[in-house]
Amino acid sequence: MTAAVLAHLVPLVAGASAVDATTFAVAALTVLVGAAGVIFARNPVHAALMLVMTLFGVAVLFVEQQANFLAAVQVIVYAGAIVVLFLFVIMFLGVDKQDDLEHDPLRGQRPLAYVLVGLVLAAMVVLGVTTHWDTGARSVAGVARDSAHPQSDVAVLGKSVFTTYLFPFEITAALLVIAVVGAVVLARRSAAEAQGDDRDDAEMGEDPDGPGTTGSGGPEDGMPAYDGDVQEVTS
Amino acid sequence: MSVDPKFYLALSFALFSIGAVGLLVRRNVLVMFMCVELMLNAANLAFVTFARKLNDVGGQSMVFFVLVVAAAEVVVGLGIVVAIFRRRRGATADDFHLMKG
Amino acid sequence: MTSPLLATDPLFAHGVHWPELLIVVVKVVVAFGALLVAVMMMIWFERKVISDMQARIGPNRAGPYGLLQSMADGIKLFFKEDLIPDQADRVVFRLAPYLSILPAFLSFAIVPVGGFVTISHHTFELQVADPPIGILFLLAMSSLSVYGVMLAGWSSGSKYPLLGAVRAAAQMISYEAAMGMSVIMVVLLAGTLSTRGIVLHQSQTFFGSWNLVRTGIVPFLIFFVAITAETNRPPFDLVEADSELVGGFNTEYSSLRFALFYLAEFMNTITMSAVVVTLFLGGPDGPTAHVPVLSWLIPVGWFLGKTLIFLFAAVWLRGALPRLRYDQLMDLGWKVLIPVSLGWLLIVASALVWHWWCLVVAAALAVLGGLLWRSVRVGAARMADGDPAGGVVVR
Amino acid sequence: MLHAAYLLPLLPLAGFVALAVIGRRLGDPWAGWIGTAAVAASFVVACIVYAGLLQRSGQGRVFTQVLFSWIPVGGLHVDAALLVDPLSMTMVLFVTGISTLIHLYSIGYMRGDEDYPKFFLYLNLFVASMLLLVLGNNLVFTFVGWEGVGACSYWLISFWFGRESAASAGKKAFIYNRIGDVGFLLAIFLVFSKTGTVVYRGPHGIFAHLSAFGPGARTAVCLLLFLAAAGKSAQFPLFPWLADAMEGPTPVSALIHAATMVTAGVYLMCRINPLLSLSHPAQVVVATVGAVTAFIAATIGCAQDDIKKVLAYSTISQLGYMFLAVGTGAYEAAIFLMVAHAFFKGLLFLGAGSVIHGSHDEQDLKRMGNLRRYMKLTFVTFGVAWLAIAGIPPLSGFWAKGDVLTNAFARFPALWAIGLLTAALTAYYMSRLMALAFYGDDRWRAAVGDRRHAGDPHESPWVMALPLVVLAVLAAAGGLLSLPWHPASVDPLRWLGPVFGSNLYTPRQAASTKWVLSIVDAVVAVAGLAVALRWWVRRPDHPALEPVALQRSWYLDDVFDAAIGRPGHAVARFAAEVVDRVVIDGAVMGVARLTRSAGAGLRKVQTGYVRQYAVGIVFGMVALLVYMAARAGVVH
């Protein structure tokens, strides 16, 4: 099947210009290396950095496909906010220890994962690359580029979001507010919890279950858990 | 002439699969989160690709919403991680199996 | 059809050949060199002005007026031993300084320094790049600048740098929002995300058409405060805070890597001053005369002059203001700048689409905001009193 | 003017809402005045709409007012729509008119009752429901009104639910009506399944799709609807509830169980006349049941001592006449008798109420006597009604009953004979009532001895007297409606003609035959009257004339008890002790046990490891993608 896929793909390369082909190749490589880095990096911080790398690759691919605005937003939101938040939580909780990647306590989990995801990939490639799955149906949002009235992608996207998708837009705004409130509630500790902190720790010591304890950085594990300012950040 | 959309789709599939593998294999909750982000990015890439291929801005709009929802998801998810960590001093997903039947 | 990557700049309208490539390379090299020199001058400038404010002399040994002092410091740092702590994460430790300096330089790439120059039929902008989403690029870069600080602090494997790094992350994310909001008002007025478009939009009449006036002075003030915090300049330099954190995120750094952080900080200051000028003071806009030779230098002169004002202001703030406490810093960001910028955004947007009901909406929102503010205050007071109804204690 | 039709049910409904909200605060008598005003306003509106209908002519006298789309489900489109045509307008006019009078009467009659506002609340709701029933342009909407009046009837019969007998009478009425309602519902289903619509008239109505029914289906629908009508209108064998319904306050008996609600069955049968006229078996059944009911009820009425029970059986008997007319195909005669009956039977009940009220809640005829000296107005008005129902010319009962009997003679001579016999009995038992109550000795004095505080019988207040007078005039003059010289707009035949049209049975008889029949009617009536007066004025007790079988309603209740009640009880006991304990409890426990064991088995899947759940999700994804890939392979 691989041969069939390749035979299908090779003629397609010829059409692309050198600049675009190079850009795509470099960006794709960045994406894949970064993604592989995320799942193979033992240290969560390294994984986060690899994630940033992937995000950059995706952003470049967005630019390649005339989605300038989304590329910028991708960097701002993902790299600038989400991954920073990841890093912040990693540092804040002090879970930046090496993960054990050799053994998996769940028997059969790993081979099962590889086989299943391999099947998923194969099916998707069959569906998306080698078949014509395009039904010809279009969304209600309108065309992205109208050669009669050239507009920047920001204008087109903005019009789409603020007219066709106005209601979803407002809903997502509400969703964000809800998420913020939820995060504040989650991250705050109640007075009782704050007082019962020591008891919690004592209980932790004799906690019988928990197959893998890697990454659980207690206070004695070197780097102290810094828990001072979470309210300000997550709120 | 830019690169054929099928390459983008193939890349998107690969990225999605890597994310899925990571989600199944990794035990660190935060890394699992990152793998979810990888999968979301794969979906976004596919959306943008289709938006270009079909000359339809709907795909780009969808990416916009996916970004917003991803941000909300991460905020709440990390809040939950922090809250759990307070109780159980660990960020390993396998530690949290109190809900077993 | 040209590649979508290159279709945005008029320089590449007729395809990419070696003259265009040469022009781009020259622009990049000139900008980078100019920035490096500017940083050296800035360091000297800051030390001189501070010492003047503190009624002392300042550097005066190396070169005339001590002008080469920075050069001397740089050489000294270059020859020092490069230490990497035992606990450090070596890869990230090495990577961090570059992550720090890269966004600072890249941000400068979108700043229009002057008008257009034509050399042998090739007209190009005095600007390294003019992407159609320049402002978003700026925001992206400024949000990336936190990486250098965070990773440096974390990878040092030491307590104080980590504290500095976590502080930096919180601080920069906090002020990002207010900064973006004030930029949005400028974008609303200009109707474009391109920095050159914004500059052109301000260039109808001198001063009166600047965004400083057009948006009301409030967004400008917010933006200025926000970038001061973003660049970790005093009085928001809690990331370094030598009295609390020894030296902040870069405590464990030495030699050339330390110099890179130093360079990045000052480069950030210069870049952000240039951005303020671009966004709010019309960039290179100013009265020009038709001089036969080198008339393109006049706008550049205007640009440099305006930027210098902000550089001086940055130094002045450092000399005049004490450092904020951390909670004050967060209060200022979340409870003052963001609400004010949101409110002002409403006002600007209402003015743009002027309808009578905009006033009603604005008034209603103001009342609502006031109520919300009041309820938050009441809640905070209750919690401070230990009222069991509050139930939640802020640590 | 026709467009005001929506106000007809709306005004009593508004009165109901108003009373529900503030009735208790208003109290006695203002709640009564509000309720009366609402119904009176409805009557005024009815007059206006009537005037509007008169401006049209012939087949144009139909007006459908769609209020809103009510049930748009699949092929079933039911609008909440009002049908204004001569038939429904006739009903609306006398329903609102008599309701107004009885409301007015109730203000006086119910004075001092602790649930005074609630009484008017129910009455207003009843009027609204009745108007919906009458005005509904489809079976479903009519059914809503049908159930509404049923519910109100139940509440009002057991209005004094503190009394055991009232509570059980309410339940009895409710259950008998339920039996009929089953027929109604089945008829609706059958009609919808055959025609796809439930609307009566119009191009998309049931009557435009008559060919969709086979002869069997026609008869089935008619008989099912007649079952409903028999339940509601107390026809044999479903009539015992109406006698028990007299436990309700007398205005209720007058309004609901004499004048309006019980005629709903007659109205329903008239409404479906195009269908009924096509089914000869159904007509025979209806006519026979009507005649038999009329006769049986009349015989029972001869032996009752309770003044209201006599009137109740009289009502059943008169309703039987109406069904006899309907079965004959003489719909206009049925409607004419219905209107006339509403007048004189309403009057009789109100008069009886006045008697009961005036003689301090005494209902036993044997303990009355010679009341004509104490209640002159009541005596005069009651007397008019007596003569009217007895069929003495020229009062309304003579004309109306004569109309029915003339038609029956032409089509079913055997039933005519029963009808004539019944007419004699009617005159007899009404005269017996009259004699016992108003003539003879002051037997009440012996009874009053027990109740010291009560004084002599007295006349009622004006709010009770005024309706009596108005109804007396109507009962006396109502017969003029069918005389040859009245205006066309009120002649039952010509006025209702557009509704019944060719379905109306028109007897071909010589004028002389009609004269003879009329004279026979009159003679029979006078004979019954004379016999009764002769026997009963002097002596109040003739045990031979009051056999136990008649007093106990031909043992009908006992038959029902033996045939249905006791077996039903046994079945219920079996269900409770065997079916419920063993079968149902066993099933419930079994389900619980099954659920528990299934949960115990499935719980092993729930490991608590989120990553294993994720594997499950990916597995599902694989299945989905493989399915899609397979489909894509099929497509290409």
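**A walk through chains A to D**

Helices α12 (326-352) and α13 (356-384) of chain C each supply at least two residues of a nonpolar patch. Helices and strands here are DSSP runs numbered from the N terminus (helices H or I, at least four residues; strands E, at least two). α13(C) gives the most to the patch, with nine residues. One of the patch members is C:Leu359, which is found in helix α13 of chain C. The patch also includes C:Trp354, C:Trp356 and C:Trp357. Together its residues have about 1200 Å² of accessible area on the surface. Accessible areas come from the Shrake-Rupley method with a 1.4 Å probe, and for residues only the protein chains shown count as cover. Patch residues have over 30% relative accessible area and no salt bridge; like charges are joined within 9 Å, and nonpolar side chains (Val, Leu, Ile, Met, Phe, Trp, Tyr) within 5 Å.

This is a predicted model: local features need pLDDT of at least 70, side-chain atom pairs count only at pLDDT 80 or more, and totals for chains, interfaces and linings use all residues. Residues are numbered from 1 along each chain as its sequence is written, chains are lettered from A and ligands numbered from 1 in the order in which they are written, and side-chain values use heavy atoms, with hydrogens and water left out.

Stay with chain C. C:Glu46 forms a salt bridge with C:Arg233, with the closest N and O atoms 2.9 Å apart. (A salt bridge is a side-chain nitrogen of Lys or Arg within 4 Å of a carboxyl oxygen of Asp or Glu.) C:Glu46 lies in helix α1 (residues 18-53) and C:Arg233 in the loop between α8 (217-230) and α9 (242-245) of chain C, so the pair ties together parts that are 187 residues apart in sequence. Over all chains, the whole structure has 21 salt bridges.

The loop between α8 and α9 of chain C also holds C:Pro235. The peptide bond from C:Pro234 to C:Pro235 is cis, with omega near 5°. Chain D has a cis peptide bond too, joining D:Phe236 and D:Pro237, with omega about 0°. D:Pro237 lies in the loop between α7 (215-232) and α8 (240-244) of chain D. Back in chain C, C:Ala55 has a positive phi of about 55°, although it is not a glycine. C:Ala55 is found in the loop between α1 and α2 (69-78).

Now the interface of chains B and A. Here 77 residues of chain B are in contact (heavy atoms within 4.5 Å) with 105 residues of chain A. The buried area is about 8300 Å², and carbon and sulfur atoms give 70% of it. Buried area is the accessible area (1.4 Å probe) that two parts lose on being put together, summed over both. B:Met34, B:Arg86 and B:Arg89 lose the most area in chain B, together 9% of what that side buries.

The contact takes 11 residues from chain D and 14 from chain B. About 1100 Å² is buried between them, with 65% from carbon and sulfur atoms. D:Gly608, D:Tyr609 and D:Arg611 supply 51% of the area that chain D buries against chain B. Again, the rule finds zero salt bridges between chain D and chain B.
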